[in-house]
Amino acid sequence: TAVSTVLEADTVVVVDRTMSWDATHYGSHAETGVAAPSQSWFLAEGATHSGFTLYYLLQNPGATPAAVTVTYLLPSGQPLERTYAVAPRSRFNILVNREDAALAATDVSASITSDVPIVVERAMYLDAGGQHFGAGHASAGVTAPATQWLLAEGATGPFFDLFVLVANPGPQDAEIAAAFLLPDGTTVTHTRRVAARSRDTIWVDHLHPRLADTPVSTTITATNGGPVVVERAMWWPG
């Protein structure tokens, strides 16, 4: 079955979830629980092309139905809006690839609002290595955009491909300043504009010769004050 979980305790605890698949457990992902539901959620990462399958997972832990609006933010053109009803004390699954022809083979971010507090996660799988869902990852959404985001992990080169995903859910274009922090203490900078109500992909390996094969951390700042949402994805051969 498909299932969401609520855990309550009489003292403060920490909760994670791990999922593995196939009888041989060749794939797995994990995520930390969120402390509370919210009426707003944002997801920067997402793709439905090149063998990717993208799911949005909605949990309504409350006693009343949730009217949920998902605004799908695309690399160009107008966003798509869809509404969903999520029953009380239930979970709801959105297979993004099949929601609209415009979502069948694209990069996509999402802005999600609800009339009652809900919880939102994303799962993304890739058919690879001759296996169904040969790779995959999952993440909870964030509840608000911000003008600065910090990413400690990162690596490029012949083994890793590093992508930084930027969603701009706001009504004005966002001027983005990226600072890539290298192990020797030097920094490579990059600027770009992310159009209003859209998403953008920064393929870090190809930005600069010094970023082609290195460990790297990233700072993303929206310099014009328009808050954005940022995630990082790393993929490796196959």
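Which side chain meets that of glutamate 121 in a salt bridge? The close-up views described below are all taken from a predicted model, and the first of them turns to this pair.

**View 1. The salt bridge between glutamate 121 and arginine 17.** The side chain of glutamate 121 meets that of arginine 17, with an N to O distance of 2.9 Å. Because glutamate 121 belongs to strand E8 and arginine 17 to strand E1 (residues 16–21), the pair ties together parts that lie 104 residues apart in sequence. Arginine 17 has a relative accessibility of 27% and therefore counts as partly exposed.

**View 2. The salt bridge between aspartate 100 and arginine 82.** Here the two side chains meet with an N to O distance of 2.4 Å.

View 3. The closest N and O atoms of arginine 192 and aspartate 200 are 2.6 Å apart in their salt bridge. Arginine 192 is partly exposed, with a relative accessible area of 22%, while aspartate 200, at 18% relative accessibility, counts as buried.

**View 4. The largest nonpolar core and a second, separate one.** The largest nonpolar core comprises 36 residues, and Tyr56, Val70, Tyr72 and Ile112 are those with the most contacts inside it. Among the elements that give two or more residues to this core are strand E3 (38–43), strand E5 (66–73), strand E8 (109–128) and strand E16 (229–235). Strand E8 supplies the largest share of the core, eight residues. A second, separate core of 22 residues includes Val188, Val194, Leu211 and Ala222.

**View 5. The surroundings of serine 111.** Serine 111 is found in strand E8 and, at 14% relative accessibility, counts as buried. Leaving aside residues up to four places away in sequence, serine 111 touches Trp41, Phe42, Thr69, Val70, Thr71 and Pro169.

**View 6. Strand E10 and its pairing with strand E15.** In a regular strand, side chains alternate between the two faces of the sheet. Strand E10 (residues 148–151) has Trp149 and Leu151 on its covered face and Gln148 and Leu150 on the uncovered one. E10 pairs with strand E15 (residues 217–222) in the antiparallel sense over four bridges, and the bridge partner of leucine 150 in E15 is threonine 219.

Note on methods: Residues are numbered from 1 along each chain as its sequence is written. This is a predicted model: local features need pLDDT of at least 70, side-chain atom pairs count only at pLDDT 80 or more; totals for chains, interfaces and linings use all residues. Side-chain values use heavy atoms; hydrogens and water are left out. A nonpolar core is a set of buried Ala, Val, Leu, Ile, Met, Phe, Trp, Tyr and Cys residues joined through side-chain atoms within 4.5 Å. Buried means under 20% relative accessible area, exposed over 50%, partly exposed in between (1.4 Å probe, protein chains only). Contact means heavy atoms within 4.5 Å. Two strands pair if DSSP finds at least two bridges between them. A salt bridge is a side-chain nitrogen of Lys or Arg within 4 Å of a carboxyl oxygen of Asp or Glu.
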